[in-house]
Amino acid sequence: MEKIIIFDTTLRDGEQSPGASLESHEKLEIARQLVRLNVDVIEAGFPVSSPGDFKAVRLIAQKIKGPTICGLARCLKKDIEAAGEAVKPAKKKRIHVFLATSKIHMKYKLRKAEDEIARLAVEGVKYARRFTDDVEFSPEDATRSEKEFLYRVIEEVITAGAATVNIPDTVGYAIPEEFDELIRDIRNNVPNIEKAVISVHCHNDLGLAVSNSLAAVKSGARQIECTINGIGERAGNASLEEIVMAIKTRSDFFDVSTGIVTEEIYKASRIVSKLTGIVVQPNKAIVGQNAFAHEAGIHQDGMLKRRTTYEIMRPEEIGLSASSLVLGKHSGRHAFVEKMKKLGYSLNASGIDRAFARFKELADKKKSIYDEDLEILMEAEAAQIPEAWRFVSIHTVSGTNEIPVATVRLRSKAGSFDGTASGDGPVDACCKAIDKITKTKGEMMDYSIQAVTKGKDALGEVTIRVRVKGNVAIGKAASTDVIEASAKAYLNAINKLIRKGNKRLKIET
Ligand code: KIV
Ligand code: ZN
């Protein structure tokens with residue numbers, strides 16, 4: 001299989017993302033991870049652009065061993081000198097010179113005619129060759145350039161000594177079929193093209209950066225320029241992880257490979273996100289939080305039967321420990337039981353039925369169900385308290401200048417019973433309503449409430465100590481509704497007291 005050169009420009013084009021400025025030591029930290037990833041080229045910065053960038057490129061050139069270290073330069077002597085000086089300490093060094101070739105850039109930005117552009121491009125490459133043999137040239141805005149002029153510039157820079165010609169889709173304008181055709185046309189119309197490596201550099205303005213890069217691989221490009229998490233100017237650059245995993249996962253289609261240690265991808269993504277402050281969207285391919293998470297019951301069931309039913313890559317391939325089956329309202333019984341087993345619970349069939357029914361009730365109220373939520377759920381199941389009274393429903397009215405009133409419905413062997421009471425607050429009203437139904441008079445000795453998990457929709461766990469005629473019991477319950485949790489906790493304590501055999505709490509039905 002032919003190898004695709006992975007040219008990482010996270011530290012140059014990626015750093016051009018609005019708000020993503022990195023300090024030298026942060027760039028070095030990212031560069032170290034790029035070494036672990038085993039990228040072939042690190043474009044470490046644009047040395048002439050600022051003393052800080054020069055320093056960072058120089059530092060990386062001094063400290064980083066393995067990949068080629070590259071510095072960007074316009075076709076200007078001062079740029080090329082700064083780049084040459086910055087990459088000097090590196091064992092393998094490259095200067096990347098660029099000059100726009102599209103009519104719109106030449107006329108409005110550079111105010112230069114074609115002949116002058118061609119001359120400057122050639123001079124730039126020749127000057128860069130004084131600093132290193134490894135020179136790359138980019139005709140900026142190539143995809144909007146006149147093809148004949150593009151062929152001419154490419155041919156002349158190769159003759160001048162460019163070892164790599166990079167075709168940038170600077171404004172993310174290309175469509176994959178078109179870009180594929182452009183690369184083929186370059187191969188067929190530039191007589192000395194075989195003397196250089198064809199590279200591509202795609203921006204994501206239309207969301208096509210990765211597709212365009214992969215289309216170019218099919219038509220003969222052998223270097224791809226990309227960034228971790230796809231960060232970069234405007235909508236970003238082609239994402240390294242997507243390109244690499246597409247080539248790996250569909251090697252049957254592409255018939256090429258990369259040298260990337262894919263197990264380092266996730267870590268690289270985290271480091272770049274942390275240091276640039278650019279968060280990764282949850283549904284981002286490969287490295288998004290949801291990329292290996294399955295919520296739908298049918299999917300979870302399929303995954304448990306055979307992973308490949310819903311996964312085309314293994315999470316371990318990018319350095320994640322495992323796929324996650326996120327329990328939520330779409331989850332099925334199979335996933336629920338598996339999760340319970342993982343948490344160390346074993347239940348018989350009827351226990352599973354009850355726990356699963358409670359889980360579904362909770363999932364209707366709460367978006368994500370965490371392990372702690374399930375543990376609470378299972379505690380209630382494991383306690384197996386013979387419930388003299390079962391909680392059915394609650395209705396409370398309270399507010400500023402209102403007397404809190406609660407109506408509670410409980411069920412016993414004899415049927416359903418309603419009780420209504422007012423109290424100092426809605427919790428007090430609930431407890432009094434429960435007292436009325438159960439014909440007890442509980443004394444609340446302690447009350448505490450705690451959020452079990454994170455988020456506004458977290459479960460509130462209520463713990464209550466109740467005394468009835470000298471007997472004390474602790475009741476616990478959790479719910480997304482803290483008043484309901486309080487009522488259930490109170491009832492839980494009352495039921496325990498009944499179980500303890502407190503004759504005075506005999507159920508009168
Ligand atoms: O997008 C672009 O054209 C560039 C060049 C400097 C290669 O970043
Ligand atoms: Zn770019």
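This is a predicted model: local features need pLDDT of at least 70, side-chain atom pairs count only at pLDDT 80 or more; totals for chains, interfaces and linings use all residues.
Histidine 201 and histidine 203 are both buried.

Turning to the rings, the structure has seven aromatic pairs. One of them joins phenylalanine 46 to phenylalanine 98 in an edge-to-face arrangement, with 6.3 Å centre to centre and 65° between the planes. Phenylalanine 46 sits in the loop between β3 (41-45) and α2 (51-63), while phenylalanine 98 belongs to strand β5 (residues 93-100), so this pair ties together parts that are 52 residues apart in sequence. Both phenylalanine 46 and phenylalanine 98 are buried. Elsewhere, Phe336, Phe356 and Phe359 are linked by ring pairs into a cluster.

Rings also meet charges. Lysine 77 has its charged end over the ring of tyrosine 127, 5.2 Å from the ring centre. Lysine 218 does likewise with phenylalanine 253, its charged end sitting over that ring at 4.2 Å from the centre.

Salt bridges come to 38 in total. Glutamate 242 and lysine 284 form one of them through their side chains, at 2.5 Å from N to O. Since glutamate 242 is in helix α9 (residues 240-249) and lysine 284 is in the loop between α11 and β11 (293-294), the bridge ties together parts that are 42 residues apart in sequence. Glutamate 242 is partly exposed, at a relative accessible area of 21%, whereas lysine 284 is buried, at 9%.

Lysine 476 and glutamate 461 make another salt bridge, with the closest N and O atoms 3.9 Å apart. Lysine 476 is partly exposed at 41% relative accessibility, and glutamate 461 is buried at 14%.

Arginine 307 and glutamate 311 are bridged too, their closest N and O atoms being 3.4 Å apart. Here glutamate 311 is buried, with 4% relative accessibility, and arginine 307 is partly exposed, with 27%. Salt bridges also link Lys112, Glu116, Arg119 and Glu123 in a network.

Finally, there is serine 273, in helix α11 (residues 265-276). Serine 273 has a relative accessible area of 9% and is buried. Leaving out residues up to four places away in sequence, serine 273 touches Asn229, Ile278, Val279 and Val280.

Key: Residues are numbered from 1 along each chain as its sequence is written. Chains are lettered from A and ligands numbered from 1 in the order in which they are written. Side-chain values use heavy atoms; hydrogens and water are left out. Rings of Phe, Tyr and Trp (its six-membered ring) pair if their centres lie within 6.5 Å; planes under 30 degrees apart count as stacked, over 60 as edge-to-face and the rest as tilted. Helices (H or I, at least four residues) and strands (E, at least two) are DSSP runs, numbered from the N terminus. Buried means under 20% relative accessible area, exposed over 50%, partly exposed in between (1.4 Å probe, protein chains only). A charge sits over a ring if NZ of Lys or CZ of Arg is within 6 Å of the ring centre and within 35 degrees of the ring normal. Contact means heavy atoms within 4.5 Å. A salt bridge is a side-chain nitrogen of Lys or Arg within 4 Å of a carboxyl oxygen of Asp or Glu.
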